[in-house]
Amino acid sequence: MDQPFLRLLIQEKLADGRLPRAPIPRMWGSPGHGETCDGCGEIVTSAQTVMENLDDPGGGVQLHVACFQVWDVERQIRGREPSVRLPARSGFGAPGARPSRPWAPGAPPARPASASP
């Protein structure tokens, strides 16, 4: 997956709560077994490594190594919203995934009144 697109996708998932912002104290890696990556939504094949933590009562996370690295950097940037919005993600959702928030561009911020004489 294209790195800038992956970064935007993970930023959106962090912003709407589909990926955790809190550090995960214990992660481990193993060969993939067909898991769906929580970062990019693609399958982790047996030729790839999956980083996972299944200790969380909410189900934990499973990520490709590259997705894990992007998630780990992006989660540490507090309060950051994605710099660009992706279009509606009907094609990006994994089967059985939580519904995502609809894409809706916000209005640009109002300009302050100028103090010109």
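Strand β4 is mostly covered, with four of its five residues buried. This strand spans residues 49-53 and belongs to a predicted model. The chain holds two helices and five strands, and along the sequence these follow the pattern α-β-β-β-β-β-α. Of the 117 residues in the chain, 30% are buried. Among the contacts in the chain with a separation of 6 or more, 56% are made by residues 24 or more positions apart.

Strand β4 takes part in an open sheet of three strands, which has the order β1-β4-β5 with antiparallel pairing. The edge strands are β1, residues 28-31, and β5, and each of these pairs on one side only. From one strand to the next, the twist averages 30°.

The pairing can be followed residue by residue. Strands β1 and β4 pair in the antiparallel sense over four bridges. In this pairing Pro31 stands opposite Thr49 in β4. Strands β4 and β5 also pair in the antiparallel sense, over four bridges. Here Val50 has His64 in β5 as its bridge partner, Met51 stands opposite Leu63, and Glu52 stands opposite Gln62.

In a regular strand the side chains alternate between the two faces of the sheet. In β5, Val61 and Leu63 point one way, whereas Gln62 and His64 point the other way. All four of these residues, on both sides of β5, are buried.

Glu52 lies in strand β4. Its relative accessible area is 8%, and a residue counts as buried under 20%, so Glu52 is buried. Neighbours within four places in sequence aside, Glu52 is in contact with Arg26, Met27, Trp28, Ser30, Glu35, Val61 and Gln62. One of these, Gln62, is the residue of β5 that Glu52 stands opposite. The C-alpha atoms of Glu52 and Cys37 are separated by 9.5 Å, and the two residues are 15 residues apart along the chain.

The loop between β4 and β5 contains Gly60. With a relative accessible area of 24%, Gly60 is partly exposed. Gly60 and Pro20 are 40 residues apart in sequence, and their C-alpha atoms are 9.1 Å apart in space.

Helix α2 comprises residues 65-75, of which Cys67, Phe68, Val70, Trp71, Glu74 and Arg75 are buried. Seen down the axis of α2, these buried residues fall within an arc of 165°, so they line one face of the helix. The spacing of such residues follows from helix geometry. An α-helix has 3.6 residues a turn, so residues three or four places apart point the same way.

The buried residues of α2 pack against α1 (3-15), β4 (49-53) and β5 (61-64). Two of these elements, β4 and β5, are paired strands of the sheet. Helix α2 packs on this sheet, touching β4 and β5, and its direction makes about 110° with that of β5.

Arg75, like Trp71, is listed among the buried residues of α2.

Terms used. Residues numbered from 1 in each chain as written. Predicted model: local features only at pLDDT ≥ 70, side-chain atom pairs only at ≥ 80, totals over all residues. Heavy atoms only, no water. Buried < 20%, exposed > 50% of the residue type's maximum accessible area, 1.4 Å probe, protein only. Arc of directions from axis to C-beta. Contact = heavy atoms within 4.5 Å. Pairing = 2+ DSSP bridges. Axes fitted to C-alpha atoms, helices over the stretch in contact; angles between N-to-C directions.
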